[in-house]
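Reader: I have a structure open and want to learn how to read it. Where do we begin?

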Amino acid sequence: MKKSRAHFAAIPTIAYEGPRTENALAFRHYNPDEVVDGKTMAEHMRFSIAYWHAFRGTGSDPFGPGTIVRPWEAGKDPVSVAKVRMDAAFEFFQKIRAPFYCFHDRDIAPEGRTLAESNRNLDAVVAHAHDLQKATGVRLLWGTANLFSNPRYMCGAATNPDAHVFAYAAAQVKKALEVTKELGGENYVFWGGREGYETLLNTNLKREQDHLAAFLHLAVDHAKSIGFKGQFLIEPKPKEPTKHQYDFDVASGIAFLRTYGLEKHFKFNIETNHATLAGHSFQHEIEVAAAQGMLGSIDANAGDPLLGWDTDQFNTDVRELTLAMLAILRAGGLGTGGFNFDAKLRRPSIDPEDLFHAHIGGMDAYALAFKIAHRILKEGVFETFVTNRYASYDSGFGREIETGRASLRQLEKLVLTKLGEPTPHSGRQEYLENLLMSYLHGR
């Protein structure tokens with residue numbers, strides 16, 4: 001493979017320089033080589049770059065076209081442009097020191113006039129990606145298919161009322177699964193961008209959900225047939241673009257998977273901004289997934305609480321991220337998942353350097369949150385408090401309640417003859433919030 005020209009020649013590989021550095025193009029908290037509990041920070045964090053935002057994002061929004069113009073986008077042949085774009089992407093991955101990237105099929109290769117042409121385009125660019133991965137050591141965290149942008153998917157893909165569209169989407173996922181396997185992808189994500197409805201006046205809700213389940217079963221079967229060993233992930237999103245999407249949040253996703261016998265095959269890719277759009281905190285969605293052993297991966301971003309859509313901003317809220325990291329570490333980590341920066345530059349941030357500043361800030365915030373959460377768990381103050389709060393269930397009648405050996409009659413007799421009125425115990429929320437604040441400020 002011939003060496004491509006440099007696209008970020010003026011920007012050095014980002015180094016760790018510590019919290020006191022004044023260099024804006026350096027890490028303050030993320031040191032990829034720092035070892036914590038026998039693993040490097042790079043191994044703990046497994047940072048990934050979202051191809052669609054970092055290298056296909058143009059700064060467009062619902063009220064105007066793109067503002068970001070990149071020099072590598074010039075050219076008449078879309079496949080050739082896609083390869084040059086990918087050269088720029090891998091140069092960025094190396095300089096920002098991200099070990100992983102993620103993509104939709106239509107992010108990396110242009111859609112053709114027919115599915116066969118689209119597949120040929122994808123094959124050409126996947127071959128280029130394979131060479132770049134081998135040359136750089138950057139790996140694919142997950143792949144997926146874009147089943148929402150093309151007008152054919154205006155009424156959904158797997159939930160489309162037209163079986164022809166369902167079949168087309170199935171063919172597209174088949175190919176996306178195969179190229180994800182070819183590139184060594186460790187996961188495959190399903191994000192139902194339009195799997196929902198605008199009005200129930202023209203919708204058979206049960207039939208659409210049945211079709212969605214059938215679609216996922218087909219994907220599971222095909223993965224087995226081609227030997228794909230990666231983890232399947234569902235990414236919940238409550239709204240936008242459809243008024244009501246079937247993958248509303250983690251809890252409804254778990255119910256859906258269990259209803260249709262899919263729970264053994266899927267975990268969840270949780271996005272911060274989607275959690276808040278559903279009316280939950282980021283930590284809540286992680287805890288719900290972790291409680292059922294279904295925590296898979298994270299899309300690392302944030303929303304603007306004053307706006308009602310998915311703004312996909314880089315998250316630098318260390319308090320929010322520390323709470324999320326506590327939940328993730330308690331669950332034993334993300335396994336084959338990682339922290340994927342599904343976040344985009346703001347519309348006026350048009351310089352290539354802005355791409356570095358954005359990811360440096362996100363990576364530093366997550367790394368700092370990881371370190372704080374690790375220290376909190378190591379010292380065990382919160383864990384001890386919670387353990388003591390539920391201690392009445394560790395023995396006696398409390399234990400019988402948890403193990404299913406208690407009956408309503410037994411519990412009634414116990415209260416009438418021995419226990420009487422319960423004594424209230426303070427939850428001490430304010431004390432705990434102050435304690436968390438002390439950790440955030442270097443306790």
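**Reading helices, strands and a buried residue**

Author: Helix α5 passes helix α6 in a right-handed crossing. Keep in mind that this is a predicted model.

Reader: At roughly how many degrees do the axes of α5 and α6 cross?

Author: Helix α5 covers residues 115–136 and helix α6 covers residues 163–182. Their axes come within 11 Å and cross at roughly 15 degrees. Angles under 35 degrees count as roughly parallel, so α5 is roughly parallel to α6.

Reader: Which residues of α5 and α6 meet?

Author: From α5, take Leu115, Asn119, Leu122, Asp123, Val126 and His130. From α6, take Tyr168, Ala171, Lys175, Val179 and Glu182. This contact of α5 with α6 divides into 6 nonpolar, 2 polar and 3 charged residues.

Reader: Now another pair. At roughly what angle do α3 and α12 cross?

Author: Helix α3 (residues 78–96) and helix α12 (residues 352–379) cross at roughly 45 degrees, with axes that come within 11 Å. That angle makes α3 oblique to α12. The crossing of α3 and α12 is right-handed. On the α3 side, Phe92, Lys95 and Ile96 take part. They meet Leu355, Phe356, His359, Ile360 and Met363 of α12. By class, the contact of α3 with α12 has 6 nonpolar, 1 polar and 1 charged residues.

Reader: On to strands. Which strands are joined to β7 by bridges, and in which direction do they run?

Author: Start with the general idea. In a regular strand, side chains alternate between the two faces of the sheet. Now the case here. Strand β6 (residues 100–104) is joined to β7 by 5 bridges, and the two run parallel. Tyr101 has Leu140 in β7 as its bridge partner. Strand β8 (residues 187–190) also runs parallel to β7, with 2 bridges between them. There, Gly143 has Tyr188 in β8 as its bridge partner.

Reader: Last, a single residue. Is Thr272 buried or exposed?

Author: Look at the relative accessible area. Buried means under 20%. Thr272 has 1%, so it is buried. Thr272 lies in helix α9 (residues 272–277).

Reader: Which residues does Thr272 touch?

Author: Leave out residues up to four places away in sequence. Thr272 then touches Phe282, Asp299, Asn301, Asn315, Glu320 and Tyr366.

Definitions and conventions: Residues are numbered from 1 along each chain as its sequence is written. This is a predicted model: local features need pLDDT of at least 70, side-chain atom pairs count only at pLDDT 80 or more; totals for chains, interfaces and linings use all residues. Side-chain values use heavy atoms; hydrogens and water are left out. Axes are lines fitted to C-alpha atoms, for helices over the stretch in contact, and angles run from 0 to 180 degrees between N-to-C directions. Helices (H or I, at least four residues) and strands (E, at least two) are DSSP runs, numbered from the N terminus. Angles under 35 degrees count as roughly parallel, over 145 as roughly antiparallel, 65 to 115 as roughly perpendicular and the rest as oblique. A crossing is left-handed if the near helix is turned anticlockwise from the far one by less than a right angle, and right-handed if clockwise. Contact means heavy atoms within 4.5 Å. Ala, Val, Leu, Ile, Met, Phe, Trp, Tyr, Cys and Pro count as nonpolar, Asp, Glu, Lys and Arg as charged, and the others, Gly among them, as polar. Two strands pair if DSSP finds at least two bridges between them. Buried means under 20% relative accessible area, exposed over 50%, partly exposed in between (1.4 Å probe, protein chains only).
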